[in-house]
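This report goes through one model, from the relation between its chains to the makeup of a sheet. The sequence and structure come first.

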2 protein chains.
Amino acid sequence: MPSLKDVARLAGVSTSTVSRAMNGNIPVSEETRRRVEQAVQDINYKPNLVARGLRIKSTKLLGLVVPEMQNETFISFIRFTEEAAEAKGYNLIIGSTNSDPDREERFIENLIRRNIDGIIFSRVSDKSHVLKILEKTTIPVVIIDRRLEREDIPSVVMDNYASGKMAAEHLLSLGHRHFACITGPLDIAINRDRLAGFKETVVASGAFLEDKCIFEGNFKFESGEKGIAYLLDTGARFTALWAQNDYMAMGILNYLSRHGIPVPEAISLVGLDNIQQSWMMRPALTTIAQPFRDMCREAVDIIIKRPHEDKKEKIRVTLEPELIVRETTAKPSDKSFAVEPISKVGYF
Amino acid sequence: MPSLKDVARLAGVSTSTVSRAMNGNIPVSEETRRRVEQAVQDINYKPNLVARGLRIKSTKLLGLVVPEMQNETFISFIRFTEEAAEAKGYNLIIGSTNSDPDREERFIENLIRRNIDGIIFSRVSDKSHVLKILEKTTIPVVIIDRRLEREDIPSVVMDNYASGKMAAEHLLSLGHRHFACITGPLDIAINRDRLAGFKETVVASGAFLEDKCIFEGNFKFESGEKGIAYLLDTGARFTALWAQNDYMAMGILNYLSRHGIPVPEAISLVGLDNIQQSWMMRPALTTIAQPFRDMCREAVDIIIKRPHEDKKEKIRVTLEPELIVRETTAKPSDKSFAVEPISKVGYF
DNA sequence: ATGAAAGCGCTAACAA
DNA sequence: TTGTTAGCGCTTTCAT
């Protein structure tokens, strides 16, 4: 591997001149610039980023922390963060914590020891102890997909309230009057925001979302199955259902299919996230797409610009969701209220 | 950030002693070891990996190159490689190339400049020009999920022939006699291996896999739809179908569902990969799981042990697939041959 | 505009 | 067993 020294020798100048010629910010005569460029070409010199990193204390490396990699949401974060980072000349180190505090801590410490330029966190809670670790460092941090109580850490989220509103409005416009919702964990702020947007829009229009028509799930496929079984079993009456993520919607669809309840004829269903499966399914899922690509780009930008060195400025970027209408929503039909509690009737 | 110097000053020893005490390989007196450890605790010292990397020319960093992140296969590579790397104390830099040679080259060069300890490639072809770049370096490389002609680069693959055999045997044991196959791109060796395993097993048993029952797809959902449409349209007669990956199987299932052809009653279907969707679907897909976790662990091990510095030794690890029986395969039934060319009859 | 020299934080000869 | 010293490859004062 050729080094700066080799280039310098070949070009007949000092290493500092080569360095300046390459980085461009400091004036260098045309003549030497050409000589240096030639030498660089000749020996195919590539600056060593480790050495530069040590010297200037910037590694052009970003860290991304995700809790797991089974859920397509986190895959999207990885994908789009890598994309945004690469566009800005950064590389990405990823770490999956499996929600294990030890792994999480190990990973963060590694990133710090590596003199990384910034860390993007997905899904951290206010009480996560890694936030404490990070407070001791000067490494820029940004939280993605969570709305934290504390405001000293920049965050990027979708407008979750708007997503609930959007789901409700779509269903309302189709003529539905009786609504149900299977939510994510309600100890998490963004899920409460989603529900609020949904409920307030439904209620404001004079339609109904009874309390017994709300089931708190955990974003997993099984949770969708469980939620719909619960709703049907307790005799909740509704023609329109919103699942706060697509995995649960998949579970719902699967359950309804097994029990012969037709979608959208009996129940209209809207999801959230727009995962791949949502269009590969039959019927294809009507859902709401999160602006993941933009969220990740924003997160990377925030880190690179490091404006939050100035802690007074609160940074909270909010991006808009988008409705994607497919096959699981329709006007409420005669069949709709034919759905009876599962324990009472055996379907079909 | 405290440095070695700070620890040394506090412990009243030289920096080299601290270094030795921390790395443990060189003898240090009990007394000093304790003093050093104390000092390390006191100021919460963490070695700077950039400096160490520059010095010892090993960064404890691995690079993983994937063509894209939409396909669950590559997600699995990321997931399990990160897992294996973390278990060995390495971090992972990932790069997605979108099959763009420029991006690929940029990423590889970055990795080299970062003095990375090894690169894991998924899906490189023999003619990929990055292999040329890598030849000039001493960085250990391993290819995953591809069988290259050249043997100087270590690779880790599933036993693809066995997967074909396994699909055929399962279907054969159910009583099927007429087979079809929708393959991946056949310019790629592993897909030919899969087909050979399938075909040879079918033929050896005296059953049939006619040429017109083989469709060459491209591993995408749409390709599955196209393939099954083609097979049905040309009047190919079969009761058992193998798709060489699950995305195509999803497309097939979706198409058959739209055309009212029941699975597994009319056609038994086997996939390959065991993606998440395969069990979320209804009917759940019978498929073959690739040993991705083990493949990634092997790949990481090969790099870490660096035994291929010695180029004479050819490294090619092959791991076994596993059959996962679910709902899309059954005995051939009376309905089976009721399937007529689509252009002739409108189904149901 | 250019060069000499120092130093980022660490490890490894070498000497003691 | 320990300290001194040099140096990994780069950038950046400080002179000139």
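This is a predicted model: local features need pLDDT of at least 70, side-chain atom pairs count only at pLDDT 80 or more; totals for chains, interfaces and linings use all residues.

The same surface serves both copies, as 100% of the contact residues of chain B recur in chain A.

The rotation that superposes chain B on chain A is 180°, with 0.0 Å of shift along its axis and an RMSD of 0.1 Å. This is the relation of a two-fold axis.

## Contact between chain A and chain B

Each side of the contact is made of 34 residues, from chain B and from chain A. On the side of chain B that touches chain A, at least two residues each come from helix 4, helix 5 (72-87), strand 2 (91-96), helix 6 (101-113), helix 11 (246-258) and helix 12 (277-280) of chain B. Strand 2 of chain B has the largest share of that side, six residues. By class, the side of chain B that touches chain A has 15 nonpolar, 11 polar and eight charged residues.

Strand 2 also links the chains by pairing: strand 2 (residues 91-96) of chain A and strand 2 of chain B run antiparallel, over three bridges. Within this pair, Leu92(A) stands opposite Ile94(B).

## Surfaces near the DNA strands

Around DNA strand C there are 25 residues, and those that come nearest are Pro27(A), Ser3(B), Leu4(B), Ser16(B) and Ser19(B). Both chains take part: helix 2 (15-23), helix 3 (30-43) and helix 4 (49-56) of chain A, and helix 2 (15-23) and helix 4 (49-56) of chain B, each supply at least two residues of this surface. Helix 4 of chain B gives the most, with five residues. The surface near DNA strand C divides into nine nonpolar, 12 polar and four charged residues.

DNA strand D is surrounded by 26 residues, the closest being Ser3(A), Leu4(A), Ser16(A), Ser19(A) and Pro27(B). Two or more residues each come from helix 2 and helix 4 of chain A and from helix 2, helix 3 (30-43) and helix 4 of chain B. By class, the surface near DNA strand D has 10 nonpolar, 11 polar and five charged residues.

## Domains of chain A

Chain A is divided into domain 1 (61-158 + 292-319) and domain 2 (160-290 + 325-344). The centres of domain 1 and domain 2 of chain A, taken over C-alpha atoms, are separated by 31 Å.

In the contact between these domains, seven residues of domain 1 of chain A meet eight residues of domain 2 of chain A. Helix 5 (72-87) and strand 5 (155-158) of chain A each supply at least two residues of the domain 1 side. That side of domain 1 of chain A has three nonpolar, one polar and three charged residues.

## A parallel sheet in chain B

Chain B has an open sheet of four strands in the order 7-6-8-9, with parallel pairing. Strand 7 (214-216) and strand 9 (268-270) of chain B are at the edges with a single partner strand each, so one side of each has no neighbour in the sheet. From one strand to the next, the twist averages 15°.

The pairing of strand 8 (residues 240-243) of chain B with strand 9 of chain B is parallel and has three bridges. Trp242(B) has Val270(B), in strand 9 of chain B, as its bridge partner.

Key:
Residues are numbered from 1 along each chain as its sequence is written. Chains are lettered from A and ligands numbered from 1 in the order in which they are written. Copies are superposed by least squares on the C-alpha atoms of residues with pLDDT of at least 70 in both. Two residues are in contact if their C-beta atoms, placed from the backbone, lie within 7 Å. A residue is near a molecule or strand if its C-beta atom, placed from the backbone, lies within 6 Å of it. Ala, Val, Leu, Ile, Met, Phe, Trp, Tyr, Cys and Pro count as nonpolar, Asp, Glu, Lys and Arg as charged, and the others, Gly among them, as polar. Two strands pair if DSSP finds at least two bridges between them. Domain bounds come from an automatic or database domain assignment. Axes are lines fitted to C-alpha atoms, for helices over the stretch in contact, and angles run from 0 to 180 degrees between N-to-C directions.
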